[in-house]
Amino acid sequence: MAPERRADRPSSPAGHAGFYNAQRFTLNVTRAAMRRMGWSPSVRLFEAAACGTPIVSDPWRGLSDLLPEDSLVVAHGTEDVLRALALPEGQALALGRAARTRVLARHTGLARARELARALRPQDLAATGT
């Protein structure tokens, strides 16, 4: 059975900015199977970051490669979440700006296409022995 869709979460990208920008923070809790695998981010992280919404996330392998600790709050428990919620508004907004800058620089379709093109250059392939 498919999970029930929450009525307040937009079903199309057109509604994402309004949805995320209405939040002081986005809470990301990674499913256990994805956390065990590592390097398996939820699309929520990209959406919230692209909107400049500050993020609180549970820790998982690869998170700091996606978003360094100056661009989100990593919560190891309830106390960390409460500390994040108590951050001054300016500090919370700075986290959101840093996440947005990182995602727009490294995780757009264009950025990924450039990364793929660099990886597929013949001289780069020769250097790796493939």
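Let me start with helix α5, residues 78–85, where aspartate 80 and arginine 83 sit three residues apart, about one turn of the helix. Helices here are DSSP runs of H or I with at least four residues, strands are E runs of at least two, and both are numbered from the N terminus. The side chains of aspartate 80 and arginine 83 form a salt bridge, 2.5 Å from N to O. By salt bridge I mean a side-chain nitrogen of Lys or Arg within 4 Å of a carboxyl oxygen of Asp or Glu. Aspartate 80 is buried at 18% relative accessibility, whereas arginine 83 is exposed at 52%. The terms are these: buried is under 20% relative accessible area, exposed is over 50%, and partly exposed is in between, with a 1.4 Å probe and protein chains only.

Two words on where the values come from. This is a predicted model, in which local features need pLDDT of at least 70 and side-chain atom pairs count only at pLDDT 80 or more, while totals for chains, interfaces and linings use all residues. Residues are numbered from 1 along each chain as its sequence is written, and side-chain values use heavy atoms, with hydrogens and water left out.

Now the overall layout. The protein has eight helices and three strands, in the order α-β-α-α-β-α-β-α-α-α-α along the sequence. It has 130 residues, of which 32% count as buried.

Back to the charged pairs. How many salt bridges does the structure hold? There are four. One of them joins arginine 24 and glutamate 89, with the closest N and O atoms 2.9 Å apart. That pair links distant parts of the chain, since arginine 24 is in the loop between α1 (16–21) and β1 and glutamate 89 is in helix α6, 65 residues apart. Arginine 24 is partly exposed at 32% relative accessibility, and glutamate 89 is partly exposed at 44%.

Another salt bridge is between the side chains of arginine 35 and aspartate 58, 2.9 Å from N to O. Arginine 35 lies in helix α2 and aspartate 58 in the loop between β2 (55–57) and α4, so this pair ties together parts that are 23 residues apart in sequence. Arginine 35 is partly exposed, at 34%, and aspartate 58 is buried, at 11%.

Aspartate 58 also brings us to threonine 30. Threonine 30 is in the loop between β1 (26–28) and α2 (32–37) and is buried at 7% relative accessibility. Its side chain makes a polar contact of 2.9 Å with that of aspartate 58 and a polar contact of 3.4 Å with that of asparagine 28. A polar contact is a pair of N or O atoms within 3.5 Å; within protein, one must be able to donate a hydrogen and the other to accept it, and residues adjacent in sequence count only if both atoms are side-chain atoms. Setting aside residues up to four places away in sequence, threonine 30 touches Arg35, Asp58 and Trp60, where contact means heavy atoms within 4.5 Å.

The largest nonpolar core has 14 residues, and Leu45, Ile55, Leu63, Leu67 and Leu72 touch the most other members. Such a core is a set of buried Ala, Val, Leu, Ile, Met, Phe, Trp, Tyr and Cys residues joined through side-chain atoms within 4.5 Å. Helices α3 (43–50), α4 (63–66) and α6 (89–106) each supply at least two residues of this core, and the largest share, three residues, comes from α3. A second, separate core has eight residues, including Phe25, Val56, Val73 and Ala75.

Histidine 107 is in the loop between α6 and α7 (109–119). Is histidine 107 buried or exposed? At 18% relative accessibility, histidine 107 is buried. A polar contact of 2.4 Å joins its side chain to that of arginine 112. Beyond four places in sequence, histidine 107 is in contact with Phe46, Leu66, Arg102 and Arg112.

Last, the aromatics. The whole structure has one aromatic pair. The rings of phenylalanine 19 and tyrosine 20 have centres 5.0 Å apart and planes at 80 degrees, so the pair is edge-to-face. For Phe, Tyr and Trp (its six-membered ring), the centres must lie within 6.5 Å; planes under 30 degrees apart are stacked, over 60 edge-to-face, and the rest tilted. Phenylalanine 19 is partly exposed at 22%, and tyrosine 20 is buried at 1%.
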